[in-house]
Amino acid sequence: MSKIYKSITELVGHTPLLEITNYEKKHDLKAKILVKIEYFNPNQSVKDRTALGMIEAAEKDGRLKPGDTIVEVTSGNTGIGLAAIAAAKGYKFRVYLPDNASIERFKAIHALGGQTVKMSEVPVAVKTLEETGGDFMAAVKAIKAQVEATETDIFFTDQSTNTANAGIHAATTGPEIWEDTDGDVDILVAGVGTGGTISGTGRYLRSKKPDLKIVAIQPGPDSLPSEKNPEPDEIAGVHPFEGVPESFVPASMDMSIYDEKFEVENYEAFAVCRELARLEGILVGPSSGAAVHAAAEIAKRPENAGKTIVAVLPDTGLRYLSTNLFD
Ligand SMILES: Cc1ncc(COP(=O)(O)O)c(C=O)c1O
């Protein structure tokens, strides 16, 4: 029987789980680490799921109509996912990006027909970031308010408050992990940006296995801007959710979902990316390195011998070739 797809929307999800056996052996790990490789999505990141989930939910309830422009503020992968799904479905797309988003992201969004706007070029965003000491959520809110007050025929996806973000992970990522492991999963490890991945995937897996342990990753103190180091290498897409003002935490992050917060520094994440490339032939971005670093540390704990850990790898390393990630 032939199997021919008619739209990239049909290619989102169903990403593979791979046991990183060479890495396990090298580090003498007594637990299994399975990585869910989200770069198998049609535009190479976990955010294809979020983009499709938010667009199709809005089409269903009438918030998004033919001819509309989809608008988002994001540090990158969601912009690429939305640009691709918007292109495939015939919508226009505009995204506001932090100036330091990697050049590959700007170029990919342009290639997909989307418009990019640097946040430094939006006075209300600059002012809000200055006044709030860098509250990204507040800047998103300010841009959203301005766009909605001055434009018509737009749909602002707003992944950080949109329930379809975690919803698509509860509907797809969680069930895929459950089915592919035959329910044999003990620990879930994922980074937190909007929190959509960990909240939705965690919610589904918990409903199947109430004693599943969920570990949420945030950047360590050396990987966050400080007076001493205002522009550290970033673990792109991963943001602190503990030890920050409550308003910094996206509504899409379910703060009751995780059992443990695990801090990873950028150099630890980068080192694991290089190792995974050479040991396993997997080229992934820094947040994936962070997830495997955390999973390996957790695997070393004696109480976890024999357990199965699933780590979500959000995107491809190809998106960071212009950075020092693989130098
Ligand atoms: C590269 C990367 N890693 C991790 C994440 C975190 O995913 P989530 O927003 O679902 O928490 C993101 C989100 O933008 C990302 O782009």
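Helices here are DSSP runs of H or I with at least four residues, numbered from the N terminus. The model shown in these views is predicted.

**View 1. The shell around the ligand.**
Helices α3 (77-89) and α8 each supply at least two residues of the shell around the ligand. Of the 18 residues around the ligand, those that come nearest are Gly193, Thr197, Gly237, Ser287 and Pro314. Sorted by class, the shell holds twelve polar, four nonpolar and two charged residues. Because domain 1 (8-40 + 169-320) and domain 2 (47-156) both give residues to this shell, the ligand lies between them.

The protein is divided into domain 1, made of residues 8-40 and 169-320, and domain 2, made of residues 47-156. Taken over C-alpha atoms, the centres of domain 1 and domain 2 are separated by 25 Å.

**View 2. Helix α7.**
Helix α7 covers residues 163-180, 18 residues in all. From its first C-alpha to its last, α7 reaches 25 Å, close to the 26 Å expected at 1.5 Å a residue. The helix bends by about 35° at Ala170. After α7 comes Asp182, whose phi is positive, near 55°.

**View 3. The buried residues of helix α7.**
Ala170, where α7 bends by about 35°, is also one of the buried residues of this helix. Others among them are Ala164, Asn165, Ala166, Ile168 and His169. Further along α7, Thr172, Thr173, Gly174, Ile177 and Trp178 are buried. The cover over the buried residues of α7 includes the strands β1 (17-19), β2 (32-37) and β10 (308-313). It also includes the helices α2 (47-60) and α8 (196-208).

**View 4. Phe156 in strand β6.**
Phe156 lies in strand β6, which spans residues 154-156. Phe156 counts as buried because it has 21 C-beta neighbours inside 10 Å, and the cut-off for buried is 20 or more. Leaving aside residues up to four places away in sequence, Phe156 touches Val71, Lys144, Val147 and Glu148. Ile70 is 86 residues from Phe156 in sequence, yet the two are 5.9 Å apart in space, C-alpha to C-alpha.

Technical notes. Residues numbered from 1 in each chain as written. Predicted model: local features only at pLDDT ≥ 70, side-chain atom pairs only at ≥ 80, totals over all residues. Expected span 1.5 Å × (residues − 1). Bend = angle between axes of the 7 residues up to and from the residue. Buried ≥ 20, exposed ≤ 12 C-beta atoms within 10 Å, placed from the backbone. Contact = placed C-beta atoms within 7 Å. Near = placed C-beta within 6 Å. Nonpolar A, V, L, I, M, F, W, Y, C, P; charged D, E, K, R; others polar. Domains from an automatic or database assignment.
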